[in-house]
Each structure stands twice: as structure tokens, then as C-alpha cells.
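Colleague: Please show me the model, and then I will ask about it.

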Amino acid sequence: MTIGDGILHPDRLLPAEPGTRSIARDLYSAVRDLPIISPHGHTDPAWFASDAAFSDAASLLIVPDHYLLRMLHAQGISYDALGVPRRDGAEVAAPRAVWRSFAQQYPLFTGTPSALWIDHALSAVLGCEERLTPDNADALFDQINAALARPDFRPRALLDRFRVEVIATTEGALDPLTHHAALAHDGWGSRVRTTYRPDAVTDPDAPDFRTDMARLAALTDCDTARWDGMIEAHRRRRAHFRAHGATATDHGHPSAMTADLPATECQRLLTGALAGTLTPAEAECFRAQMLTEMAGLSAEDGMVMQIHAGSRRNTDAAMFSARGANMGADIPRRTDWVGGLDALLNRHGHAPRLRVIAFTLDETTYARELAPMAGYWPALMIGPPWWFHDSPAGMRRYLDQVVETAGFANLAGFNDDTRALLSIPARHDVWRRAVAGFLARMVAAHQLGRTSAETIATDLSYHAAKRAYRL
Amino acid sequence: MTIGDGILHPDRLLPAEPGTRSIARDLYSAVRDLPIISPHGHTDPAWFASDAAFSDAASLLIVPDHYLLRMLHAQGISYDALGVPRRDGAEVAAPRAVWRSFAQQYPLFTGTPSALWIDHALSAVLGCEERLTPDNADALFDQINAALARPDFRPRALLDRFRVEVIATTEGALDPLTHHAALAHDGWGSRVRTTYRPDAVTDPDAPDFRTDMARLAALTDCDTARWDGMIEAHRRRRAHFRAHGATATDHGHPSAMTADLPATECQRLLTGALAGTLTPAEAECFRAQMLTEMAGLSAEDGMVMQIHAGSRRNTDAAMFSARGANMGADIPRRTDWVGGLDALLNRHGHAPRLRVIAFTLDETTYARELAPMAGYWPALMIGPPWWFHDSPAGMRRYLDQVVETAGFANLAGFNDDTRALLSIPARHDVWRRAVAGFLARMVAAHQLGRTSAETIATDLSYHAAKRAYRL
Amino acid sequence: MTIGDGILHPDRLLPAEPGTRSIARDLYSAVRDLPIISPHGHTDPAWFASDAAFSDAASLLIVPDHYLLRMLHAQGISYDALGVPRRDGAEVAAPRAVWRSFAQQYPLFTGTPSALWIDHALSAVLGCEERLTPDNADALFDQINAALARPDFRPRALLDRFRVEVIATTEGALDPLTHHAALAHDGWGSRVRTTYRPDAVTDPDAPDFRTDMARLAALTDCDTARWDGMIEAHRRRRAHFRAHGATATDHGHPSAMTADLPATECQRLLTGALAGTLTPAEAECFRAQMLTEMAGLSAEDGMVMQIHAGSRRNTDAAMFSARGANMGADIPRRTDWVGGLDALLNRHGHAPRLRVIAFTLDETTYARELAPMAGYWPALMIGPPWWFHDSPAGMRRYLDQVVETAGFANLAGFNDDTRALLSIPARHDVWRRAVAGFLARMVAAHQLGRTSAETIATDLSYHAAKRAYRL
């Protein structure tokens, strides 16, 4: 089944100039219905393992979506009113009230990618025939909830309907992967995969670092107080993750800094990290060294290494303390890729099996650093526009700034990086439209023939991600 | 009376693609004649208080405009030839000679916003029917001077003619505000307002810091050598400014750094500042702490806090020594908003009455820092493109980079920030055209309906500034 | 003879909107056939001095072009297979095999400026009637080699055919300039000029710094162990270069840092540099001081000073050790122009004969730093988009970000900066198309009249470079 357009205009996001739009339409129609490869994201594997119905529109669409929460918060809507759980367990608004608040404030999202995703989810996925307004909020809430109770809105049915060929979730190094084991048991193991995300045990500033290192030791039967033992523990966990479908690792670091330190210095940092005595600069060195170690393991085992660098997390201390992480207060910062990856690339950059995919929130590094680097190093690819830049203008700036220097072959295609299951088709659709528009402009400027453009559009919409993630 | 177009093309600055231009024309025509809200700028309150005629075209249009002076200087025209006063009192060129030099070099401004403003002022405001050339320079000089002598070119008449509903000037913390008192006496108090700009007493590197702190003490009857006394002095001056119409404060800082230091450390810095013994790093801490203190006072008294950060002032030491500040040698620098505002926002970012409007000269922070921050913190809004970026392409980049992440509701509308009275209608007109073009492109791409676009255009042209500045 | 378009579309790179394209076509046709001024580049003066035939297509077009090599390397093609000489002298692929490898991988360059240059060179210069493919690779190789053997493909004939009025090569401070002497003898002295590039003796980190300083002493009869003597040695070498046609110097520095140190500190740094005892920070100070000294000499002798700052060279240590420099692993980094040039400009920025042309790889500095600085300082101009940014989108971003603040008069026109002789007409053609497109958009937006646009297009395509380099 094709995701219909409903209240969405079929030409949305395509270039306005009629000749260019016509080319873009042709390119888009060639890629619109391709299967979805979603090699990086944050959906909950329990959804797919249990295949239980979602409870209601607000809990599915609003409460877990920090893109929405933040904008409402900026206008003074409290997270209590948005139903966001509190650490102190105090009551927060019920789903219908949350939905009403959101409907009331929905015009805030005009011009943002959130509006594209919500409009698409409501219209193309959930079958709503009107845009959300305060007046139809209750009716749509009931209509959506009724739909969600139906078998064709169960998580696995949605993956079918969205034509998701592969989706990867992201789990911490200590995760038991029971959901993925259940999925494998049901024959879904190669369709819903995991990703190895060891930040909790590679970052000495992580809240439970010491405990988690002890758990890592217990899980792997390795001495994680010794550098070599700790690396061996990762080696074993990575193998465990691969056995559950993982083809990639993921590393969310505040900076892109890497290091290549002598063994004694590594041990000194580890000992300090376990004792809780590292200075902030030493903690940064520890993380930096761990990225290089992870690259070394990827060179061994062929897991694709994703580096998501440059977010300052939890910048609102009061919010973090009241409700925890992912509340919309993570803010990008300047990132030095050329200095940062120097140690890693000089150590492992020529290893034939290594593949690093770099994601940045600092757009100034597209043309200045990442495109020149990816256009040189065999091991390095550029990930798609990430987070705030997963948007029409963000994609336009990305393509404008990376393609001339990195070419198309050093790009990792698209991934949606989302927690919001229902936004997946919308996000891939926005990317496919952005790619069609970009290529159409090149065709209109006679930089590219139509046949090449269609090949590239298909590649960037489907094959590139599959190839990049070794799927 | 409508400001006519004269030699200006009615479609100027609108998108070229005919379908998009037609939408943009409609949007522009809906906002073109709205009143002007000018909540931040540097016009001279004495003009409006005395309502005296301006002397001549060169003294009004050229000599005080550092946008013009700098470009002429870059081509080797001396500031003597441009009539810019010298500290040593030596003679400089007379107005007619200045005007001739400018006319000779006017093609230098092709493609710059200065040309848009000058063409608009000459044509739409002053009624000239030809662009300025060396050949018509004398005739236009005489024609303009004759116009300026007429009652309908007096400052207050110009405000009427420009449909300026509110204009704010900017005064130092020690200013007696006599012009604003006179304006209030004449019933102009809510139309011409002041703004509290305390940089001279918040920056230990300000030239007369010690003297000015003593004057602040004398004016407020507070002990400005004690931290609490010094803060209390600000509290009283702010109240005094509010009594003269101020709804906002303004802070021009070299960086966006803020701090939240313990009381003893504050006192130590103040004592050092008064003794003139602070290191550059300590002076930066002092300024950083003062921004946080000012935010605390804004949280109390509701004055809107403007932060203009990131200009390296007076980079030409010889020029500064010969003629003083604002000579065109202030150059933007990299600015760290996410690290910079961290202390202020964590201390006061949830205060219900606090509103901070951030202005940047570092465009790389639009999408990377300011839009994510303003899209989260209730207290924070993004000011319009500032200074060098108050231009067609500057506005295009601004809207392209802030809207998707901050939405429209976290933008503070437009302000002209000008010393050049006659450029005010031109600057607002450029903004309205830029907004119309931006929204028309979204409408053409089916991201937005025409009705929403018109609502947003009206808001960004008029209501947003009023609301943001609590006018 | 006009360079024909062959397989290239005559409207390539022009704006798609028909009205704008028509204006752009007119502007482009006015500048298309203007002579070429190539005031900065890296062609080999031996070519023009000896005027010998080029050997074959691969050795001319592929092996020396790091733009091509890097992209092939990123896809895992080894430099051995690309015929790149090794320091250990081991054999590498022969030209025909190199050409075949390149043909196989040519689609990698789709969307990159390299494809524009290669298509142009093959089609418009070498008369190939098809785009390069694996199938026609051998035939084109033979066809090109046959052409290169003909008299009209000798280096001097190519300069005639390309309408190159002046071309500057770049030589180290110790170069004997024998090729330029030979050229002068043949009456080609004012057409093929040299450029003074003293990096080997201004950078204490240069590999043979001490030896080269001794050679500099020997060549000039100056005591290069004394600061004044070392400066005098430069003064004499610069005079020698001027006698061989040089009008400019060139300085490739990792940062834009300059300094203005007291004489004793200068001497201390020089002594340390010769002793090999400088810390990295001191070496940076030495380079910084040398830029200011070079500006002082330019203020004396009128040589135009080019600063190419912000490339981190040879970031792949293994590659550098195996094959040397210019292997595609030089990566741009963040550059601080406003802080960096402060010392130089405050020391020499008002000197009437000084002209500094700044080239950046950090596009964030266009609007934030370089345009404001060049729009103020009489001594400073902005060089054209450099290296990775010498591309259609790179030029669009450059013009978009510099013109409004710097105007057109503070731009240094275009230069191709190339080692690839056959790419020269293509690169200037891309620039002329980019300029025509940019100006056409301004005309279509009524920011500029057609006559002004044509004057500016002609200036940026020809006169500006001549004027900027004092040719």
C-alpha cells in the first residue's frame, strides 16, 4: 500500500520554478515508493517484539517527542501540562488534556519540520482528513485512538505499510537484547536490528559509570579495571550485538576529539575514571581514546562506527533534575572534526574494514572539514543532516555544502534517527523530495543529465544507506 | 501619506520566479503600509525633543553613518574629506565638499544595503527624482537642504510621515534623560522612549569606569563600591528609565559570556575593577556576572533585556585615537552563545517575567545555537539580523537558518538599530520585502497556506516587535 | 580562437528561471571571451620556458591533480594504481593503466567541480566529442596523446589559445628563477611572471628550515642569524623576484595569526628557530611576526601580499611519509581573521602602498570577518573563493556573503590557483558564469541595472584581477 498524500500537496517542498519542478517531480516519482532503510534510530524494540497496540495519540505522538515538547516549553507551556513524567512521581496531565494543549498550540510549528511530520502522520498514516485544530482536537483524538486499536496499526503492520525493509534500534552496551532475541525467534531478526551504543561505559562522566563498568565486567567475564580487559569486554559485547543483528555501533560524544595514547597513560586514565578522580580534561581524553579504541575494534570486526558529536546535553539543569534527559534542552555546539579525528584517522584511517560515519550539528564543518575529509579518507563517510538539520532547509544546506567536495559516493544516504515511529515515512519522504529538488536544480543548470540524476536519487534514497551500513 | 517608490522599482527584492513573485507581491502589499515599531535604535532624542530642522544633507546622511564612511575609507578617501570631526579639532571638509566626495564614490555602494537605504531616502523621503551622480550632486544637495528647512521635514513630522508608532532611543545609565522628559511634557513620551544601556558601568574596561561608578553612586545614593549597593543603584536607575518610557535594556558586550559567581567573588571583582587591577580574564568575568545580574533585575522589573554580543570594537587603534568610536572599524567575531548564556539561563531562564533578546553577528550561531536555544527557553528570543546582516541576503540567511528550529513565535520581529533617521522606512521596507519573499517561497513550496503566510507577515512586520518589547 | 562548448551545454550553471537566465546569458556573453588574467597559480614555469610537448593524458591531467587523486583514494583506489610517484622509488602504474582506472571511476566526480574542469578540458580544449567512459578510455587516451604531440598543444600555444594575457607561477624564495630568465629572454617575461613564496624560510617548522636559512644567507650575502639581516635578505630576494616579473608575494600559513613584537623578542625567536628549540607556540609567533614583516616590506616595495591561511597540511602522516606533500590530505580548519590580522593591520594597515589579499577556506569568515575588514581597511582585499570553494556553489556562497558588506570594489577578481594547465579556461569560465548568474539575480530583483551589471561582470572577470595585482 502506498502512503497517500491526503491533505498534503503532492508537490510540496519541490522547487517553484516550473521547469525545475517538472524535473523534480519525475525524480521524486522514481524514488517515492522505494522501500525504507532506517539504519539508525531510537524506536523502542519492545514495540516490535510485543507487537502490542499503541495506547493513544498523545502518548504516541506528543509526550516522547522532544522536538514538540521544546517548542511548547519555549512558549511557557509546562511539561506537566504536556504529560511528561516527573522523577518525583507527581501527577501530570492525562492524554486527552495533553492532546488538547497541543492542538491549541499547533500553529507554533508552522514552518518547522515537526509540522511536516505531524501533518504527514495524521494525514497519510492515520487517515485524518483535516489539519489538527482546537476545534477538531477531540474528534481526531478519538479517531486516532480507534485506529491505533486496530490490527493494521500494530507496530509490525506499520513497518510493513511503511515498506521498512530494515530498521535499527539503539541499545546500551549492557542491554540484554531480549526484545531482539524475541524478534529473531519470530523471524524478524534481520528486519529489526540493534546497534551497539556503549556511551555509558566509555564516558567517565556518565551518571553510573562505575556501576556500569562493574556490570560490563560481570557480563563479559573480563577485568574492566585493566585497559586490555576493558577493551576485550567491548569486543565480546560487540560480538553479542552482532549476533542480534547489529551491523553498526553508535557514539554520542560532546566533541569529536580522539586520542592515540600509550598504554600506560590509558591505564592511568581508566584507573582514575573508576576512582572518580579525573579532571574534566582527563575525562575528555578518556572519551577521546575510547573512540580510537572503538575504531580499532571496528577495523577488526567490520561494525560500522557512527559518531554523533557536538551536542551539549541537558543544558537546563533544573529540567534535567526534575525529569531526566531528552527534554529538548540539548543544544549543538561548535565542533572541530579536523583536529578531533586526527588521532583516530592516523591510527586506523587506512584499515580496509573500517568505516566511520560522522554526524554533525555544526553545519560550518560540512564544507570546511567533513567534505574534504570524507573526500580523502577511505574509512570516512558523512552521515545525513542530523536532528535540527533533518529539515527541508537543513537538507538543502547540507547537499549544497557537501556534494561538490565529497561527491555523492562518500555520503551515507539517509537515516531518520527518530523515536517517533509514525514520523518515519514523513522523514524519508522529506529527504527524497529534498534530493529530487537538489538534483533537479543541477539538471536544470546542465550540471547533470536526467539519467544520472535518477540513478543518484535512487541511490541516496535507498541503496546508499544499505551499502553504508553493510546491510 | 504613503512613502512612494519614486525611482525605486515596486518589485525590488522580491523573488524572480513569476508565480512566487506574485504571491510575494500580495504578501508585501498586506504589510507595506503597517505602522513602524522601532524598539531599538540610536537616533538622537534631542532631535525629537527640540524638533529643530536638520542642517544639511551631508551632516544628516553621510557624516554620522559608519556604514558609508567605512566603505569610502577602504577606497582611500580620508575621513577629513568626509567631514568626520577630529579629536584634535583640526578642520575637516565642509558639508558641500563631503557631499561631492560621496556622490563621486556612490557606485562603490552598488549591491550593498547602504545603496538601498540611500536610494530610498533620496527618492521616497526627500523627493529626488534621479539617483545621485557627480553631475547632479550640487543640485540634489541644494534641493535636499531646501526640503530639510521645511516644517514637514522636522523630526516629529518625519515620524508621523514614516508612520512610526513607537521609537526607542538608547541612553547610558547616567543620562539625565532631559530630552525624554521634554518629550513626555509634549505628550510624546509613549511614542519616543528611552532604553537603559549601562555598558559604561558594567564593563571595567570602559574608558571612564571609575568616574562613572562614582557618578552612579551620586545619582542613586547607593554605595557602588559594595556589590549589593551597586546592584541597587542599577535597580533605581532602571526604575528612573522606566518612568521615562523605557521597556527595555541593552547590553553591548564583546562576548556572550555570563557567570553566576558567589557573592564574595563578585565583591572581589568589583573591588579590583574600581582599583583598576583586574586582568583581562577577570574583566570578562565581571561583565559576565553583570549580564546575569541584569537578567535578575529584568526578572524583577520586567524590562526586556537585549544582548548585542560579538563585536570587536575599535580595531583600528590609530583611527580610534584620532576620532573616537563608531568609525566603521568594529568587526564581528566568533560568538559562543550556548556556553556563554549557560550561567544566566540556568539561574534565571525560567523566571516568568524575564525576556532576553539575543542579537548575533556570527551567523553560524543562528541554526547551531540560537534557534535551538530560543526554541527551548521561555525567556529567550532571537533578535532580527543585526548590523552587517541587516540586508537582503542577510535576512534571507537569517530566516533560512532560524525558522525551522525556532519557529516564528520565538523571533522578536524587526528593529532597525539605526543612527540614520532617514533610513528607518527603507530598513523596515527591506525587512517586509524579505519576509514576503521568504514566506512566498514557502507558499510556493506548499509548506504554508496563503492565509497563514499573511498572518505571519503581518506579525513579523508589526505585532511581533510590539509584543516582544512589551509595548 | 574561441574555446568551443563541444559536449558542454551553452547555458550550463546559469540560473534556471527563464527571465533570470536570459539576463545571465547576456551578461555571460559580454565576458565570455575576455582575456584571462591568472595572477596566482602553480603551473610549472619549465613548461613555458622549454615549450616542450606534454607526454600523455594521464601524466598531464590525472597524476598531478590532487582534486582527482583524493576522491579516488576515498573509494579505495591506491595511489600506486594512479601512478603517483613513491619516495621509495618502487614502480607505480603506467599512464595508460592510470587513465583506464580514472575512466572507470569517473562517475565519482559527478556534481563536483572536477567534472566541470575535466569535461571542459576534454571537450573544449582537446576536442573530444564524447564524455570519458570505460569504453572510450583507450581511444580518448590515444586521441589526446596525438593532440598533445602537435605544435598547437605546446604550452605557449595553449596560453595563446586560452587568451591568457598574464599568468603568474609561484616559486620559493631560494628559487634561481632560471625558467623566468629564459622566458624574459624570449620576450615572454611580462606574460609569465613569478611570485615570491618564502614559506620555507618563514616557517620554523618547514622541513629544511635551517639549511634553507643558510642558503638564503649565501644567496643574499646577509647574516640571516640576525633579525635585521634576515629581513634584509628577504628585501633583496624580493627585488630579485621583481626583476623577474613578480608583482606579488604569497604566504601559505596554517593560521592567519600576525604579531608585532619588540626587536629583542624577534631575535630570541630567530635564534631559537635556528637552534631548533622553539615550542609550537613560539613557532607560531615566529610565523606571525614574519607576516607582519612581509607586510612591512610590501609597504616599501609595493609587492601585493597574498595570505592563504587555514589549511592543515598533510593530515595523513603515512601518505606524507610515502609520497610527500599535495596528496589531497590537506584539510581546512577554522580561521580567526579578525584576531589574526590585528597586529599586521594596526602596524601597516594605513600604509599607502600596502595591499594584502586574504584567501580563506573558512567560509564562516566571509560575512563575519573578511567582508567587514575589507570594507574598512584600505590595505585589505578579499581573494576569490579558494581551493574546495572554487566551484559553482562555492562561488555562489562567496558572492552571497561578501558583496553586501565589502561591495565589489574590495574583491580581487578571480584567480585559478591551479597546477592543472588545461583547467585554466574552465575555471575562469565557471567564475564568469557564476558572476553572470549572481548579477542576473540582482538585476531580476531590481537591485541593479543591466548596464551596471555588465560593468561589474567585466570588472570581476578581467579588470579587477589586473588592478588588484598591479599588472
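Modeller: Residues are numbered from 1 along each chain as its sequence is written, and chains are lettered from A and ligands numbered from 1 in the order in which they are written.

Colleague: What pLDDT does chain A average?

Modeller: The model scores ipTM 0.97 and pTM 0.97. pLDDT is the predictor's confidence in each residue, from 0 to 100. In chain A, 99% of the residues score at least 70, and the average is 96.

Colleague: Over which residues of chain A does pLDDT stay under 50?

Modeller: Where pLDDT is low, the predicted coordinates should not be read in detail. Contact here means that C-beta atoms, placed from the backbone, lie within 7 Å. The stretch under 50 has eight contacts beyond four places in sequence, and it covers residues 1-5 of chain A.

Colleague: What radius of gyration does chain A have?

Modeller: The radius is taken over C-alpha atoms, and the globule rule is 2.2 Å times the number of residues to the power 0.38. The C-alpha trace of chain A spans about 65 × 60 × 45 Å along its principal axes. For 471 residues a compact globule would have a radius near 23 Å, which agrees with the value for chain A, 22 Å.

Colleague: Which elements do the buried residues of helix 5 of chain A pack against?

Modeller: Helices (H or I, at least four residues) and strands (E, at least two) are DSSP runs, numbered from the N terminus; chain A has 21 helices and 11 strands. A residue is buried if 20 or more other C-beta atoms, placed from the backbone, lie within 10 Å of its own, exposed if 12 or fewer, and partly exposed in between. In helix 5 (residues 95-105) of chain A, the buried residues are Val98(A), Trp99(A), Ser101(A), Phe102(A) and Ala103(A). They pack against helix 3 (57-61) and helix 7 (137-148) of chain A.

Colleague: Is Trp227(B) buried or exposed?

Modeller: Trp227(B) is found in helix 12 (residues 227-243) of chain B. Not counting residues up to four places away in sequence, Trp227(B) touches Ala263(B), Cys266(B), Gln267(B) and Leu270(B). With 21 other C-beta atoms within 10 Å, Trp227(B) is buried.

Colleague: Which helix of chain B gives the largest share of the side that touches chain A?

Modeller: The contact takes 37 residues from chain A and 36 residues from chain B. Among the helices of chain B that each supply at least two residues to that side are helix 1 (18-31) and helix 21 (450-468). The largest share is seven residues, from helix 18 of chain B.

Definitions and conventions
Predicted model: local features only at pLDDT ≥ 70, side-chain atom pairs only at ≥ 80, totals over all residues. Contact = placed C-beta atoms within 7 Å.
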